[in-house]
Amino acid sequence: MLPEDFYYLGKITKVFGLKGEVVVCLDTDEPEKYHQMESVFLLIGEEPVPFLVESVKVKNRSQLIVKFRDIASEEAGSYVDTVLCLPLSSLPPLEGNKFYYHEIIGFQMTDEKAGPIGVCEEVLEYPHQALFRIVSGEREVLVPIVDAFIRQVDRISRTIHLSLPEGLLEIYEGDF
């Protein structure tokens, strides 16, 4: 599998105790789904490498204490700052207007009043707001990902229909 076939789950932030356990900081809205994981991939030199999980303890809502089967106590420190990932195929499919960010790359973006805006090239994740980065030719438009703006996610036609507030598109140069 290639790295683009995986999604970011979290990162090892520090060693916990003397038994080879590490603290894993999860980056997910549903951390409880990972309290019973049996295996995970660690990104080592840009390559996802599978590791079996020996035990998982909940430290707090977004942190786990994990012991990997093949990481000896004295080696645990060398894995600090290592990224954990899982295959995209392990994600449950979403329906309706819910979507994974990786899923909508390449979708056509259209506003109910202005019409076609462009193609979603990427999702920019910032601490307080995620944004669609929509590109059409030389023009780039950033649109906040807000449920109230999303009218329909059409997976068949690979289109997201938006209802953007008055003036949002006008701040960008060009006609819409």
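Predicted model: local features only at pLDDT ≥ 70, side-chain atom pairs only at ≥ 80, totals over all residues.
Local features require pLDDT of at least 70 and side-chain atom pairs pLDDT 80 or more, while totals for chains, interfaces and linings use all residues. Residues are numbered from 1 along each chain as its sequence is written, and side-chain values use heavy atoms, without hydrogens and water.

Across the whole structure, five aromatic pairs are found (ring centres of Phe, Tyr or the six-membered ring of Trp within 6.5 Å; planes under 30 degrees apart are stacked, over 60 edge-to-face, the rest tilted). One of them joins phenylalanine 51 and phenylalanine 68 edge-to-face, at 6.0 Å centre to centre and 70° between the planes. Phenylalanine 51 lies in strand 4 (residues 47-60) and phenylalanine 68 in strand 5 (residues 63-68), 17 residues apart; strands are DSSP runs of E with at least two residues, numbered from the N terminus. Phenylalanine 51 counts as buried because its relative accessibility is 8%, the limit being under 20% relative accessible area with a 1.4 Å probe, protein chains only. Phenylalanine 68 is likewise buried, at 1%. Together with Tyr79, Phe51 and Phe68 form one aromatic cluster.

Strand 5 also holds valine 66, which is buried at 0% relative accessibility. Its C-alpha atom is separated by 6.8 Å from that of valine 24, 42 residues apart along the chain. Beyond four places in sequence, valine 66 has contacts (heavy atoms within 4.5 Å) that include Val24, Met37 and Val53.

Arginine 133 belongs to strand 9 (residues 130-136). Among the residues that arginine 133 touches are Val119, Glu122 and Leu142.

How values were computed: Helix = DSSP H or I, 4+ residues; strand = E, 2+ residues; numbered from the N terminus. Buried < 20%, exposed > 50% of the residue type's maximum accessible area, 1.4 Å probe, protein only.
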